[in-house]
Amino acid sequence: MNRLPILFVLAAIPLWGATAAADPAKPHLVVTPTTLDFPIEGGPAQVVLENRGGIPLNIHAIRLVEGTDFSVATQARALAPGEKLPVTITYNKSKLRNQAFGGLQILTNDESYPVAPHQPNDHIAGVALRANSSCLLSLMVFIPLLGMLLVLLVPKGREDLVKWVALSIAAVPTVLAVYLYAKFDPNVSMQSGNYGLQFIQHSVWIPSFNVEFYFGVDGLSVSMLILTALVSLVAVGASWGITKQVRGYFAMFLLLEAGMMGVFCALDFFLFYIFWEVMLLPMYFLIGIWGGPRKEYAAIKFFLYTLAGSVLMLLVLIALYYNSAETTLVSGQPAAHTFDLMKLSYLNSRLFASPSLTLLGFDFAKICWIGLFIGFAIKIPMFPFHTWLPDAHVEAPTAISVILAGVLLKMGTYGILRINFGILPEATQWAGTAMAVFGTINILYGAFCAFAQKDLKKLVAYSSVSHMGYCLVGMAAFTQTGFNGAMMQMFNHGTITSMLFILVGVLYDRAHTREIDKFGGMATQMPKYAAFFGFAFMASLGLPGLSGFIGEALVFLGAFPVYRIITILAATGVIFTAAYHLWALQRIQLGKWNEIWTDKSIFPDLTLRETLTLVPMAAIVLLLGFYPMPMLTLINNGMNDLLQHVTGHAAAGALALVP
Amino acid sequence: MDPSLVTPGTLFFFLLASVVLISSVGVALAPNILYSAFSLLGTLAGIAGLYLYLGADFVGIVQLLIYVGGILVLILFAVLLTNKIGEVRLSNLSAGLSLGVPASVALFALLARVATSTQWPLTEEAAAPGTARLGDAFLREHLLPFELASLILLMALVGAMVIARRAAKEESRSVPEGTHDRLA
Amino acid sequence: MTLDNIASMKYFAPELILSIGILAILTVDLIVGKPDRKRSSLLAMSTLVLALLATLVTSDGVSRGLFGGLIARDPFTDFFKLLFIATTAFVGVAALRSRDTIEYQPGEYQDKESGEFYALTLTAAIGMMLMAAATDLLMAFLSLELVSILSYILAGFKRRDRKSSEASLKYVIYGGVASGVMLYGMSLLYGLAGSTSLSAIHAIKDPPLLTLIAAITLCFAGFGYKIASVPFHMWCPDVYEGAPTPVTAFLSVGPKAAGFALLIRFFHGAIPADVRSVPLILGLIAAATMTLGNLAAINQTNIKRLLAYSSIAHAGYILLGLVAGNDDGQRAILLYLVTYLFMNLGAFLVVMAMSDAGLGEELSEYRGLGKRAAFPALVMAICLFSLTGLPPFAGFFGKFYLFAALLSRGGTFNTALALIGILNSAVSLYYYARILRAMYFEKPTNEAPILEASLHRWNMGIMAAVTMGLWLAWTPLVDFAGASIVQWYPHATQVASLH
């Protein structure tokens, strides 16, 4: 009896998979294979067309779409029943790029294939051509997902094993990120083809809606991927103290990591959206189950805010899709519309900006821009959508705060750069000043709020609001320096704020309170801790020589020529930032020992594990503070391409680091 | 009013229609359930008259036989045999007048407008008795609805049995509510 | 092509098999004398399997009018036949272990009315199949009544329960009114067309707009009552709360899907193409339905009642597919109904399994369920996320197709409607999350673990697996649904009026 339902499901499958049997009165084209992989060095490969129908098959054309590095020599002709035609395709490797993707279209009279646009008599069979397709990004995304299953398979009662499994799984993307950093070619740009992307993986996912599985990385996303891998690894270290439902915690954690990685890798809007949403679920549980006293409230607030933003994104996504121009999928099949972010950006952006296109009575591009922007601004979080952040941060466990501030906030700015800037460049310019103004409000408002906080974690949370404002100002400048500054700020804030949250967590673990006034003179008791604390706070307030300074300086340098008054206002934020950081530092670390703590032994200095979670971040902060070139060269070409796309003209100077 | 409408036939129609209407108002508004049941007589009989007026002789007779002769009598029996119902003065006047009256008036106005403004396609065929054709239709074009109706009746019967049998048992047992009863 | 009565029999086989099965269940009960739920359910399940096979064997992708055009047998009906068979089977299997429906006492093993329960459920399946197949107002009305009457009985099936009886009575009264109003609308359509056939109605020349709109709106009372859309939704929370849980699960999926099948047939088949106001009316109803359903769900404390309001909201979303009014919209409805079948049934199965294990239906009873019954809580969470419309769960894809169908039509009205819909699905998260919160974030009042019956575990597992993994089979499903949309064939001859 128990298995009866399964029987029904099984019985229904043949019907789904039912394909029409070959009709003897029709031609029937069979293409083998439908995906052709070429080696990196180039060369020929063959596709065999066969007519398995009962009457002759007319092949009207065999043509290449979108694959400039491929060539096909075989002529189209009719095929008698049973006849085969081998088609030779050659991949001529270009010096500019080491990957190529294209499609082969075979136009025939076999009606089982989709009709060609504008040619009702032709039906198109497609062949995907791929040269040197990469799976590095897939590994980075899906290994954490596999790890999640692995963690769930660990038998009950083996909590320590769970932690080690999670740690080793989280280490894999980090190793891959190092490999990515080493192999990433900073010289690749739009001119190199493939839209300046590297490590591309591209195939069709849902053909009925032209959804593609499209992963790739460029100057825009590479630093974010590295940051995600690094912060996730450190966060696993920071989660070592979790004792409640350990398996569930790490399973959710790894799912979260997969979601974050996916967001930065996905280049198909639909895929991007899926990862964007997938990330929400584990976050909700991580805050809601393992959080502090008001965890339920904080979790649902976070969830609702983000979902409200992302459903707007979903609407815009569909609207953009239906207004995009006809194109082809990577399989060579024609597609009436596309979700491909690169095609939406570089082939359709003019179309979207056309003034005749409207939505709800407003300019299409502008309303879409606003819809997307609200979705991303909630994530940044931008004033006035920021109210979820302090709650979420205060209630979330330490490691989740690290992830939240270190990676999740960056998704907002990354989304704006990738999607708003990419797809709607005209509207972006229209909204530039508004972005700068909101960015400045963020900087100042965040700083003032941080001043007023009694809770150290809330202070750090508001400092994030303030720091993300710098990114907005830099992005709104539309200069190479501003863009680079915004990107640097995103990366640096990720590393610095991770340290800050870990440090807050360390204090909380010992004192079970985060109230700033309850502490004092901690430096005498925990000297190592005080050193890291001071270091992180100095980095966060933008001390020259540490990485926090670089981002801020570039942002202001880039924005000043464009928005003078706004930039001057924003720059005053630096003073307030320094003030509240130093004030908090002084109250906690310096001065006299607060006498409410009679037992000093509850404050041991940093343990080895805690030190290990802090050291990598500190090293990066120090390195990039003195020598930011490794990061700048990595992102420079990507940002330059984006700038050219948004402003529509070439930026002066290839590597405009310091004006 | 169009003088062509004032014929003995239409007068007869309006007479029947008003009988149906007035007695159904009685069904709805009568304070005593017994009066409601009696008012139903006018409604059902009036509808039978309408069927006959339209030339549907068989349906008219069946309406009289089954509804007036059978169902109505059954209802009366039920009312009279159930000792409490007859005496209780049930008033089913609903309080939602403020919303109900305007809605009803608006609906009536709409339907009246629909009825009067539409050019209804009229059939040339004169109304004539057609019992034989009816029987034919049941076994030819409308075989499926005929059988489906029997399925509905069968299942209504089964359902009525399920509910009634249970109710009867409940009464005979008279177990205090909530106690777990092993004899069930 | 239209077949006569005899030739139709072959294509009517699924319904015939079900009818025979119903009679067999009742007769065997009569002969053996002792009701036994295992026997009855086995009979019912084998009947369903046979009906499934009959559906698959006689399905050839050709559109036929059966019984002189009273009902159709086309890919559309086949799609719904499969859907109804699946629904009935899942509910039937679940009822095998449910104490809610059929009296079950371990000591004596008496299964009161188990035969009747399965007979009634199978008859409801026939009724739903006929609703999806009806191409004639007469058949539409009769099949709708069949389903309604069975729903009334099933809703009142719970023994010694005032709520169940109340539900049944409310259902009858609302249903009677809705049917009456619908009949009036149908009579107007008949008056205009001179025939009850949908194709004849479709062929009305220069219909007076006011009359047609009035007729459509009145007819919608009946359909809207079946799908529980505003303003015909009032029965829904009471009935869902009061009815035995397996019946609630059944009512929330089966008759609702059947109602949508009828709506699609009606709006894509019967309504002349030049009636412009239909999308406007449907759109307003859809917006009101989802908004009211979602807002009313927020404050519910009974989990069945909460899911009832959620199912009202979902009817609103699905109506968006009809507002779109094109093939994409139709396909989206079919897809959504499939996803809805699994996610909604899954949620109700959890409620069922828990109440069989002795847990109440109040939200407060679900506190700490994540610890007490990890698997059912997980299934519930998956189903709730799917109902919210979060990827990668099935509900997201369903919703995406609905909104995409609507937005593909463009226009301010459609866009605004999509905006309302999408914001509504964000609102819905709030009350779904209340269940999640109770299950996972709050401390249980009682730490004792809850053991669910293994049958329920299997059933829930299937629901959760499909809800989670439907995207893997999404492309074939889309193709299947795309091939199953209603094709209007004007060549279908009308039923000859009575000579």
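Reply: Let's start with a rule: two strands pair if DSSP finds at least two bridges between them. Please keep in mind that this is a predicted model. In chain A, strand 5 (residues 70-72) and strand 6 meet this rule, with three bridges in the antiparallel sense.

Me: Which residue of strand 6 of chain A is the bridge partner of A:Phe70?

Reply: A:Tyr91 is the partner of A:Phe70.

Me: How do I read the pairing of strand 3 with strand 6 in chain A?

Reply: In general, strands of a sheet pair through backbone hydrogen bonds, and they can do this parallel or antiparallel. Here strand 3 (residues 43-51) and strand 6 of chain A run antiparallel, joined by eight bridges. To follow this pairing by eye, find A:Val47, which stands opposite A:Val87 of strand 6. Then look at A:Gln46, which has A:Thr88 of strand 6 opposite.

Me: In what order do the four strands of the open sheet in chain A lie?

Reply: The order is 1-3-6-5, with antiparallel pairing. Strand 1 (29-32) and strand 5 of chain A are the edge strands, each pairing on one side only. On average, neighbouring strands of this sheet are turned by 25° against each other, direction ignored.

Me: Now for the chains together. How many residues of chain A are in contact with chain C?

Reply: The size of an interface is often given as accessible area lost when the parts come together. Here we can count residues: 39 of chain A are in contact with 45 of chain C. On the chain A side, helix 1 (4-17), helix 6 (269-278), helix 7 (280-290) and helix 8 (295-323) each give two or more residues. Helix 8 of chain A has the largest share, 13 residues. By type, this side of chain A has 31 nonpolar, five polar and three charged residues.

Me: And which helix of chain C gives the largest share to the side that touches chain B?

Reply: That contact takes 37 residues from chain C and 28 residues from chain B. Helix 6 of chain C gives the largest share of its side, nine residues. The chain C side divides into 20 nonpolar, 11 polar and six charged residues.

How values were computed
Residues numbered from 1 in each chain as written. Chains lettered and ligands numbered in written order. Predicted model: local features only at pLDDT ≥ 70, side-chain atom pairs only at ≥ 80, totals over all residues. Contact = placed C-beta atoms within 7 Å. Nonpolar A, V, L, I, M, F, W, Y, C, P; charged D, E, K, R; others polar. Axes fitted to C-alpha atoms, helices over the stretch in contact; angles between N-to-C directions.
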